[in-house]
Amino acid sequence: MVCDICPNACDIASGGVGACLARGAGVVPLGYGRLTSLALDPVEKKPLYHFHLGSMVLSAGSFGCNLRCPWCQNHGISMIGHKEAEAYGLHNVSPEELADMAERHAAYGNIGVAFTYNEPLINFEYVMDTSRILKGRGLKSVLVTNGYANPGRFKELLPYVDAMNIDLKSINEGFYEKIGGRLDIVQENIRAAASRCHVELTCLLIDGENDTEEEMEAMAEFVASVSRDIPLHISRFFPHYRMEDRAATDLGSMRRFEAIAQRRLTYVHLGNV
């Protein structure tokens, strides 16, 4: 059976898994209710700087990802499958139990649940089921995502999601091809999300990869075409995972790109500086 969650369209054989490492034969969501990470985080850490500022959000992650970024900061869970995750240590948490946890933490300023750390969209069913419960209880549902999902499935989630931070990794299609994705799909989903919920975007700036002034101008132009009020977080790269041989992003470059983006966008923030 071919998985329809993302454009990878994996035809998963019996006993196999998709490229994301989190969906099995018969399109079984192997990460459903199986969490590697749970933490109460400031909402600004997502990063969301214009959504319930000063609040906390219960953050939940599972395992796997449908892109292959060689700089991934969470590769210990995003680049592993269910067998490795078992060894890592899994929390079995149903949608109802996660919503209950979120409610119990309201006393600590918690507003809901953020699906984060690995790619939440590959655990589509769990995110959908939990988000429906959260909405019914007046709690918020937040996604921190690469935005790389089939647009039809992505739109199914939108009535239940209150906010997203979406990675806009580059404005260059060739960049996305190198990590196994498609820019046009991410752009389409950004447009759809911005029409239904609060959206902020993050771009990790990597020297020699996506750091030309022309690219930043084009990125700001695209974001402004959706809405000039969408916040853009320009995040600083540090050597990590399979890119430990690279230098951290130059701070002067960060400030130069910030100024370029500010010509078109109302809110531009520098991260990891």
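Helices (H or I, at least four residues) and strands (E, at least two) are DSSP runs, numbered from the N terminus. The model is predicted.

Q: Which strands supply at least two residues each to the lining of the largest pocket, and which one supplies the largest share?
A: The largest pocket holds about 940 Å³ of space. At least two lining residues come from each of β8, β9 (163-167), β10 and β11. The largest share is three residues, and the strand that gives them is β10.

Q: Which residues are the closest to the centre of the largest pocket?
A: The space in this pocket is about 940 Å³. Its lining counts 35 residues, and the closest to the centre are Lys-46, Gln-73, Asn-74, Val-144 and Asp-167.

Q: In what sense do β7 and β8 pair, parallel or antiparallel?
A: Strand β7 covers residues 110-115 and strand β8 covers residues 140-145, with four bridges between them. Across this pair, Ala-114 stands opposite Val-142, and Phe-115 stands opposite Leu-143. The sense of the pairing is parallel.

Q: How many of the six residues of β8 are buried?
A: A residue counts as buried under 20% relative accessible area. Strand β8 is largely enclosed by the rest of the structure, because the buried residues among its six number five.

Q: How many disulfides does a search of the whole structure find?
A: A disulfide needs two cysteine sulfur atoms within 2.5 Å. The sulfur of Cys-3 has its closest cysteine sulfur in Cys-6, at 6.4 Å, which is too far for a bond. For Cys-65, the nearest cysteine sulfur is that of Cys-69, 6.3 Å away. The number of disulfides found is zero.

Q: Are Cys-3 and Cys-65 buried or exposed?
A: The cut-off for buried is under 20% relative accessible area. Cys-3 has 8% relative accessibility, and Cys-65 has 11%. Cys-3 therefore counts as buried, and Cys-65 also counts as buried.

Q: Which residues line the largest cavity?
A: The search of the whole structure finds two cavities of 30 Å³ or more, and the largest holds about 80 Å³ of space. Its lining is made by Cys-3, Ile-5, Cys-6, Asn-8, Ala-9, Cys-10, Ile-12, Gly-18, Ala-19, Cys-20, Arg-23 and Ile-122.

Q: Where is His-52, and how exposed is its surface?
A: His-52 has a positive phi of about 50° although it is not a glycine. Its place is in the loop between β4 and β5. With a relative accessible area of 37%, His-52 is partly exposed.

Q: Where is Tyr-241, which has a positive phi?
A: The phi of Tyr-241 is about 55°, although the residue is not a glycine. Tyr-241 sits in the loop between β11 and α9.

Q: Which residues is Ala-224 in contact with, leaving aside its neighbours within four places in sequence?
A: Ala-224 is in helix α8 (residues 213-226) and counts as partly exposed at 25% relative accessibility. Its C-alpha atom is separated by 6.3 Å from that of Arg-264, a residue 40 residues apart from it along the chain. The contacts of Ala-224 are Arg-264 and Leu-265.

Notes
Residues numbered from 1 in each chain as written. Predicted model: local features only at pLDDT ≥ 70, side-chain atom pairs only at ≥ 80, totals over all residues. Heavy atoms only, no water. Pairing = 2+ DSSP bridges. Buried < 20%, exposed > 50% of the residue type's maximum accessible area, 1.4 Å probe, protein only. Contact = heavy atoms within 4.5 Å. 1 Å grid on protein atoms, 1.4 Å probe; cavity = no way out; pocket = protein on both sides within 12 Å on 5 of 7 lines; lining within 4 Å. Points joined across faces, edges and corners; volume = space filled by probe spheres on them.
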